[in-house]
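I am opening my notebook to look through a structure, one topic at a time. Here is what I will be reading from.

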Amino acid sequence: MPFREFKTEILNLLENFEVFEKDLELSDHADMACKAAFRLSKHPVELAKKMEERVKSRSSEFRFIGSVERAGPYLNFFVSQKLLDETLRRVLTEGNRYGALEIGKKVVIEHTSANPDGPLHIGHLRNTVIGDTLARILEKTGCKVERHYYVNDMGRQIALAVLGVERYGLESIKGDHAVANAYIRINRDGYEESDVEKYMERYEEGDEEIVSTFNKVVETALEGIKETLKRLNIIHDRFVWESEFVRSGYMRKVLEKLLKLKECKKNETLYLDLSEYGIKKEVHLTRKNGTSLYVLRDIAYHIWKNEKFERMINVLGADHKLYSRQLSLVLELMGYNSPENVIFEFVSLPEGSMSTRKGKFISADELIDKVVETASDLISDKDMEDEEKKKVAEAVGVGAIRFDIVRVSPEKPTVFDWKQALDFERQTSPYVQYAYARASSILKKVEDFDLRWDVAHFNHPSELRLIKELSMFSFHLERCYRLLKPNIMAGYALNLANAFNAFYRDIPVLQSEGNLRNSRISLVMASKIVLGEVLNLLGIEPLERM
RNA sequence: GGGCGCGUAGCUCAGCAUGGACAGAGCGGCAGCCUCCUAAGCUGUAGGUCGGGGGUUCAAAUCCCCUCGCGCCCGCCA
């Protein structure tokens, strides 16, 4: 928080010069640099000199600006002792609430939503991890967040999976894998198209026997998927089945509204002509046999969301880009808000793209098992009970997976790499967890101390850097919120851990004495709190020991 | 063919929204650090035509145009 206020103070101070947020930047040369003079004058150095004068004459009015230096046309601002003091005070009094914002919107975030025809694979994982991390970030900004998994129980793929299960039965293995095996097999062996059609029709009509069969298959796959998600510290508040909108008659009402649009046309099927909006291909709402298509049910779902939420966020793979534009356009034509889409590019395997249908994928379960096993080997000779070792290996493994995914910007296409997934070093979550564990370890050895500090005791660059990092938590949180880019939080986690490790190297805590010792211990406590909270935002478990 | 995204060190990535101070990290390479709070750590060093070309600008990795490479989309699939 204090760092955001520091920035606000600079803006207020230079308001008369028409300096805006975009003129400020983080810099190696300062805590915050102002580059406005370039933009505002043909003689930037002269202007910067004037600004400098003004700042120097008034800077005593501000709390968090400590000093300013001019470097040519740049103004370099430095934080005050007061900011350092206030940062520690807030972290230590607010605890894990430190850094929270109060934006407070009601938002729904839909993520994962993988078809219940098989297990989650490493492509789905990108959706899941981005979505869950964003949900956590939004909550921290004070939003009321509902996490949805939209269950596609009506599609062709599901009908085919059901046929597969009927033909081959379910193996007695984890449900999602069992369904996948039947689905892969029927795709390989072949099937009658008319059988698939018939199943879709009967399911949409609500044929009791078929509904119960579909439900069983979908539930079986979903149970397995939920188990995997839980292991990754991911829960959904609500699983919304597509068929809910059909059964409740909601979709019917939506269809009636759609029919009133001038873009809505009918011949063999019902479709939307969006050519005047630059979308050449018609958007079909129904099939020739009268059954609904995904987009129709999805429109219904989004109208329902409109009624309940102020903000709708969907996490979608790059293959949904055009689709999501079409959906948004239709919603707008109907007079509704459209969702905000967080699009991520594909994860592929070194040998090419993944496919559930062809059985060409690395499942999330396989990945988790292997990473946890590697973590387990690494701690095998540590002095810990087996129980704790197991817990640590799981937390490290899951953290490494989540972090490996979330650290990369969503728009970057990636190729899955085992070596990277199994790396537990510098730019990974174990590095952050390790900093947390080191802080814990120091605090565990403290028997008596007073929770008090004097910022005058913090004069080593490593200490100053660490406190400044702590002060920037909500600054980065706000950036994540605005840009919906969770990789920013991963980057902050790394910076913070890095700053703590430098502090750990340079500053003896336990051997120091008196108020110097109290101050340092207080700083370690504050670091532990913020490191822990950042890990929570990333869905990674902080560990007391590892 | 059209649309969207990506291309930055040997490898994996920041930085691009809102153009500014020498383009930053990690891994890998090389050279070092455990009588000291956990070495999953730390220090130093080498390594760059920011895919290529043009343009705008006092200033371009960042903006515009062209071009090459890769991925995705263009279904009465989801």
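**The open sheet**

I began with E3 and E4, which pair in the antiparallel sense over 6 bridges. For my own use: two strands pair if DSSP finds at least two bridges between them, and helices (H or I, at least four residues) and strands (E, at least two) are DSSP runs, numbered from the N terminus. This is a predicted model, in which local features need pLDDT of at least 70 and side-chain atom pairs count only at pLDDT 80 or more, while totals for chains, interfaces and linings use all residues. Residues are numbered from 1 along each chain as its sequence is written, chains are lettered from A and ligands numbered from 1 in the order in which they are written, and side-chain values use heavy atoms, with hydrogens and water left out.

Arg-70 stands opposite Leu-75 in E4. I then followed the turn: E3 and E4 form a hairpin with 2 residues between them, and Gly-72 in that turn has a positive phi of about 60 degrees.

Next I looked up the whole sheet, an open one in which 4 strands run in the order E1-E2-E4-E3 with antiparallel pairing. Why do E1 and E3 each have one side without a neighbour in the sheet? Strand E1 (24-25) and strand E3 (65-71) stand at the edges, each with a single partner strand, so one side of each is left without a neighbour. The bridge partner of Cys-34 in E4 is Leu-75.

**Cysteines**

How many disulfides does a search of the whole structure find? The search finds 0. I also looked at Cys-480: its sulfur is 13 Å from the closest cysteine sulfur, in Cys-143, which is too far for a bond. As a reminder, a disulfide is a covalent bond between the sulfur atoms of two cysteines.

Are these cysteines buried or exposed? Buried means under 20% relative accessible area, exposed over 50%, and partly exposed in between (1.4 Å probe, protein chains only). Cys-34 is buried, with a relative accessible area of 1%, and Cys-480 is buried too, at 0%.

**Strand E5 and its partners**

I turned to strand E5 (residues 106-110), where 4 of the 5 residues are buried, so the strand is largely enclosed by the rest of the structure. E5 pairs with strand E6 (residues 144-151) in the parallel sense over 5 bridges, and with strand E11 (residues 311-317), also parallel, over 4 bridges. Val-108 stands opposite Glu-146 in E6 and opposite Met-312 in E11.

I compared two helices with their expected span (1.5 Å times one less than the number of residues). The 21 residues of helix H15 (residues 386-406) should span 30 Å, and its end C-alpha atoms are 30 Å apart, which agrees. H15 is mostly covered, with 15 of its 21 residues buried. For helix H20 (residues 487-506), the 20 residues should span 28 Å, and the end C-alpha atoms are 29 Å apart, which agrees. H20 is mostly covered as well, with 14 of its 20 residues buried.

**Around the RNA**

Which residues are closest to RNA strand B? I found 73 residues surrounding RNA strand B, and the closest are Tyr-74, Lys-281, Tyr-434, Ser-441 and Tyr-504; here a residue is near if one of its heavy atoms lies within 4 Å. Sugar and phosphate account for 65% of the atoms of RNA strand B that come within 4 Å of the protein.

- A polar backbone atom of Tyr-294 is 3.2 Å from a phosphate oxygen of RNA strand B.
- A polar side-chain atom of Lys-321 lies 3.0 Å from a sugar or linking oxygen of RNA strand B.
- A polar backbone atom of Leu-510 is 3.3 Å from a base oxygen of RNA strand B.

Helix H17 gives the most to the surface near RNA strand B, with 7 residues.

How values were computed: A disulfide is a pair of cysteine sulfur atoms within 2.5 Å. A polar contact is a pair of N or O atoms within 3.5 Å; within protein, one must be able to donate a hydrogen and the other to accept it, and residues adjacent in sequence count only if both atoms are side-chain atoms.
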